[in-house]
Every structure is written in C-alpha cells, then in structure tokens.
Amino acid sequence: MPTQMLIGGAWRDGDAVLPVLDPATGERIAEVAAGSPADAVEACSVAAEAQKRWAAAAPRARAEVLRACWQTLVDHGDELAELITSENGKPLADARGEITYAAEFFRWNAEEAVRIHGTISDAPSGANKILVRHPPVGVVVVVTPWNFPAAMITRKVAPALAAGNAVVIKPAEDTPLTALRVAELLEEAGVPPGVVNVVPTTDPGAWFDAAVDHPAVRMVSFTGSTETGRKLLRRSADRVLKVGMELGGNAPFIVFDDADIDAAVEGAMVAKMRHSAQTCTAANRFFVEGGVAEEFTAKLGDAMGALTVGGGLTEGVDCGPMINAAAIEKIHRLVQSAAESGAATTLGGSPIDGPGFFYEPTVLANVTADAAITRSEIFGPVAPVIPFTDTDAMIAAANDTEMGLAAYVYTRDLGRGLHVSERLESGMVGLNRGAMSDPAAPFGGMKQSGLGREGASEGVYEFCETQYIAASW
Ligand code: SIN
C-alpha cells in the first residue's frame with residue numbers, strides 16, 4: 001500500500017505527514033506523505049510535460065490503456081474494497097460496489113476516447129467551411145471527496161485521460177490511501193509517468209492556491225460541498241479556468257398514494273442508505289401522500305430498524321460509521337431541532353456510544369416542509385417524512401431549495417411520474433428507482449448543485465476545448 005505522494009512517476013516523502021484514521025475505531029491506521037504548495041506546483045509542471053506526449057498518442061492507444069485500467073481495478077477489487085472500508089468505513093459490500101462503479105468509468109471512457117467527434121459544415125454565406133474540433137484542455141486539477149475514495153477520482157480521471165489531458169489529484173484528507181493505490185495500479189496498467197499525479201496535503205487551501213496559479217493548469221474538477229465549491233470557483237475565476245463542479249444535494253423522495261409501497265420502501269433504503277447514507281444523491285426529504293404516509297413510515301421504520309450498524313469490515317454490517325465526530329454532531333443537531341419543532345422520532349434519534357463515529361438509523365414522522373432538517377444536507381442515516389395532500393404545493397416545496405442534484409418519484413402512473421419528474425428542478429430523477437448512478441449517464445446538478453456533467457458522452461467533452469477553423473479550399 002503506497003503512502004508516499006506520486007509526482008512524475010516517482011514516489012516521494014513530503015515535509016509533513018497526514019494521519020489516516022479508521023472511522024470505525026477512531027484509531028490511526030496509516031500516515032501518508034503530505035505535499036506542500038511547492039510539491040503541487042512541481043506536479044503541475046511535470047503534468048504539463050507528460051500531457052503533451054499523452055495528447056500526441058493515438059486515440060486508440062489511449063483507449064487501450066484505459067481499458068487496461070478498467071481490468072486492473074476489477075482484478076484488484078477485493079484489495080481495493082478493503083482499503084476503502086478501512087479509511088472510509090463503508091460496509092465491504094458497498095466498497096466492492098464502489099470499485100465496480102469506479103472501474104466502469106475507465107471501460108466507458110476507453111470506448112469514448114475514439115469517439116470524440118468534431119463537425120464540419122458550410123458557412124451560411126457559402127464563403128468557407130466551418131470545422132469544429134475538440135482538443136484536450138491540458139492540465140486538470142482534480143479535487144475529490146472522502147465518500148467515494150475511488151469512484152470520484154475515476155469519474156474525473158478516466159474522461160480527462162480519454163481526451164488527452166494530464167491530472168494532478170488532491171485526494172480528500174480523510175481518504176488518501178485509496179487514491180494512492182489506484183494511481184499505482186493505473187501506472188501498472190500503462191498510464192505514462194506524470195499523466196496521473198497524486199499529492200495529498202494537510203493544507204488544502206494553500207495547495208489549491210498554488211496549483212491554480214500554475215500557468216499550465218487549465219481546468220479544475222471538483223466534487224464536494226457547495227460551500228467549498230463556491231470558494232474554488234472564486235479562486236478559479238482569477239485565471240478564468242474551466243470548471244467541473246459536482247456539489248451538494250437535498251434530494252426529495254416523493255411517494256404517491258398509487259405507488260407500490262413495498263417497492264418504494266426498497267427504493268428508499270437504497271436512495272437513503274447506500275454507502276452508509278453519505279452520498280450527495282441521498283434522499284434527504286421524504287414527501288409521502290397523506291393516504292399512504294402512515295404505512296410508508298411504518299414500513300420504512302421496519303427496514304431501517306433491521307439494519308446492522310457496525311464496522312464495515314465485519315461481514316453482515318449494512319451501515320458503517322460516519323466519517324468523523326463533526327459529522328455525528330451535525331446529524332444530531334438536525335435531529336434534535338426537528339424533534340423540537342414537532343416531528344415524532346419513530347426510530348433511533350441518537351449517536352451510538354464510541355469507539356468510532358456511529359449514529360442510529362433514524363426515522364422522523366410528521367416533519368414540516370420548512371423544518372431545518374429539510375434545508376440542510378443530512379449526510380447521515382436519518383429519514384424525515386413529510387406528509388402531503390396537494391401535489392402542486394409538494395412540488396413547490398420540493399423545489400424550494402438552492403440544490404438540484406437528485407430527486408426520486410414513486411408512482412404506478414407513468415404519465416404522472418414523467419410529468420412530475422419534468423417539473424422537478426433536479427439534474428437527475430429516479431422514477432420508480434432508488435439508484436441512478438451510471439457511468440453511461442450524465443451525472444450532475446442544476447442550481448447550486450453544480451456545473452457540468454460527469455459520465456456519458458458529455459463527460460468527456462467537459463475535459464475538451466472547442467476549436468473552430470474557418471477554412472476555404
Ligand atoms: C456522491 O455522493 O458524490 C456521488 C454519488 C454517486 O456517484 O452515486
């Protein structure tokens with residue numbers, strides 16, 4: 001397991017170290033080399049040189065390297081899953097799912113690398129031709145979160161490499177181990193030295209300031225909170241950098257009274273609880289039509305109550321720890337405030353005594369649409385249920401947020417489901433589905449949930465420039 005930083009194909013120590021904790025115990029499990037701002041700058045310089053050669057390689061050659069990356073991540077799936085669980089805490093089954101998902105971004109983008117199409121057309125005047133092509137942007141700074149230590153890296157790196165870019169990655173302070181091992185495997189699979197660089201740090205602000213000022217850097221791709229995204233956007237504006245931003249969510253999960261309630265509960269458990277409820281697509285507010293609110297809440301309580309909470313490495317555990325003590329404090333504050341404003345706690349409602357950072361699976365009934373818990377991304381195993389009677393008022397409440405990442409709708413009436421989906425201000429809608437993440441689909445948000453899309457064909461063009469040539473012959 002590498003613990004040094006990776007710059008230009010060389011593994012090195014830093015001036016400082018970054019401790020990595022197991023969130024299931026709170027104990028230190030490793031120390032990783034922490035890079036300085038100067039290390040970030042050096043990685044950008046090295047990436048700039050490597051990028052020229054990588055961009056000059058034939059698209060088919062790049063595609064074959066990406067395909068080999070997919071294979072190697074799949075082949076090392078069990079080992080990578082254990083690493084994810086040890087530093088992130090998620091149950092092994094979720095970690096295995098993450099690796100399949102993470103690897104798939106390489107297979108998908110191997111297929112996209114040879115399909116980056118331009119266009120040619122006649123100018124309306126007839127005087128010339130209009131040629132449009134899509135060269136790579138250059139060096140991309142990639143800043144990733146702790147909740148998907150592998151997949152949030154590969155969702156950016158695979159399309160960036162497919163288009164001919166090089167990357168400098170700052171992994172999350174909580175989960176650098178997976179990033180380093182993934183980078184090592186990518187090099188083993190044939191990614192040339194310097195095309196993928198990983199520089200963990202204990203000082204992300206100074207690291208980012210130094211990297212974005214490097215003249216070769218042309219793009220910032222970030223996944224994380226909207227609050228941090230705004231800061232990175234402001235800073236990227238100084239150099240008018242291209243940006244990709246996957247930010248926070250506040251997903252409504254809507255259940256109409258004609259829905260298959262058992263299927264809705266099953267979908268709710270996926271939408272709420274996958275990866276221990278720490279996803280930005282997580283169902284954050286359950287709007288349930290009056291006639292079925294009691295039945296849905298009771299069945300959701302049964303399903304949440306049947307979850308086994310514990311360390312993710314233990315077989316049979318469904319919900320692992322939260323990432324740190326601050327996460328537990330925030331979740332509990334929101335639950336207490338909902339209870340104070342009249343919600344009924346029908347299940348859970350408390351932190352679980354240590355070691356580690358655990359919270360009880362919790363269901364809150366009769367929450368009001370304007371309660372504080374409906375305005376904040378919970379990022380924990382808490383399901384607030386808001387009964388509704390008027391569909392228009394419910395849709396207005398569902399849209400009454402600056403976030404617009406994911407939404408879920410359950411109904412047996414497909415016409416109603418599609419109509420409601422179209423009215424939701426959300427980049428992604430799961431219609432009778434609790435999961436929608438797919439490397440072949442455009443992942444991203446409306447409003448303050450982000451800018452740009454990752455995955456699908458759109459994903460690779462995000463890492464390209466557009467050049468137009470007016471040509472006569
Ligand atoms: C996220 O939570 O940031 C990503 C979730 C996903 O890709 O499914």
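1. Strands here are DSSP runs of E with at least two residues, helices are DSSP runs of H or I with at least four residues, and both are numbered from the N terminus. Two strands pair if DSSP finds at least two bridges between them. With that in hand, look at strand E3 (residues 16-22) and strand E4 (residues 27-34), which run antiparallel and are joined by 7 bridges. Leu18 has Val32 in E4 as its bridge partner. E3 and E4 form a hairpin with 4 residues between them, and Gly26 in the turn has a positive phi of about 75 degrees.

2. A word on what you are looking at: this is a predicted model, in which local features need pLDDT of at least 70 and side-chain atom pairs count only at pLDDT 80 or more, while totals for chains, interfaces and linings use all residues. Residues are numbered from 1 along each chain as its sequence is written, and side-chain values use heavy atoms, with hydrogens and water left out.

3. Now to the ligand. Which residues surround the ligand? They are Tyr101, Asn147, Phe148, Met152, Arg155, Thr223, Arg274, Thr279, Cys280, Ser437 and Phe443, where a residue counts as near if one of its heavy atoms lies within 4 Å of the molecule. By class, this shell has 5 nonpolar, 4 polar and 2 charged residues. Ala, Val, Leu, Ile, Met, Phe, Trp, Tyr, Cys and Pro count as nonpolar, Asp, Glu, Lys and Arg as charged, and the others, Gly among them, as polar.

4. Where does the ligand lie? Both domain 1 (5-247 + 449-471) and domain 2 (251-438) give residues to the shell, so the ligand lies between them. The domain bounds come from an automatic or database domain assignment.

5. An oxygen atom of the ligand lies 2.7 Å from a polar side-chain atom of Tyr101. For Arg274, an N or O atom in the side chain is 2.9 Å from an oxygen atom of the ligand. Cys280 takes part through its backbone, with an N or O atom 2.7 Å from an oxygen atom of the ligand. On its own the ligand has 260 Å² of accessible area, and the protein covers 99% of that; accessible areas come from the Shrake-Rupley method with a 1.4 Å probe.

6. Next, an open sheet of 7 strands, with mixed pairing and the order E14-E17-E18-E13-E12-E20-E21. Strand E14 (344-347) and strand E21 (428-431) stand at the edges with a single partner strand each, so one side of each is left without a neighbour in the sheet. Within the sheet, strand E13 (residues 283-289) and strand E18 (residues 382-388) pair in the parallel sense over 4 bridges. Phe287 stands opposite Ile386 in E18.

7. Another open sheet has 3 strands in the order E5-E6-E24, with antiparallel pairing. Its edge strands, E5 (119-122) and E24 (467-471), each pair on one side only. E5 is joined by 4 bridges to strand E6 (residues 129-133), and Ser121 stands opposite Ile130 in E6.

8. Finally, two backbone details. Most residues other than glycine have a negative phi, and most peptide bonds are trans. Val240, in the loop between helix H8 (226-237) and strand E11 (242-246), has a positive phi of about 50 degrees although it is not a glycine. The peptide bond from Gly354 to Pro355 is cis, with omega near 5 degrees; Pro355 is found in the loop between strand E15 (351-352) and strand E16 (358-359).

Conventions
Polar contact = N/O pair within 3.5 Å; in protein donor to acceptor, adjacent residues only side chain to side chain.
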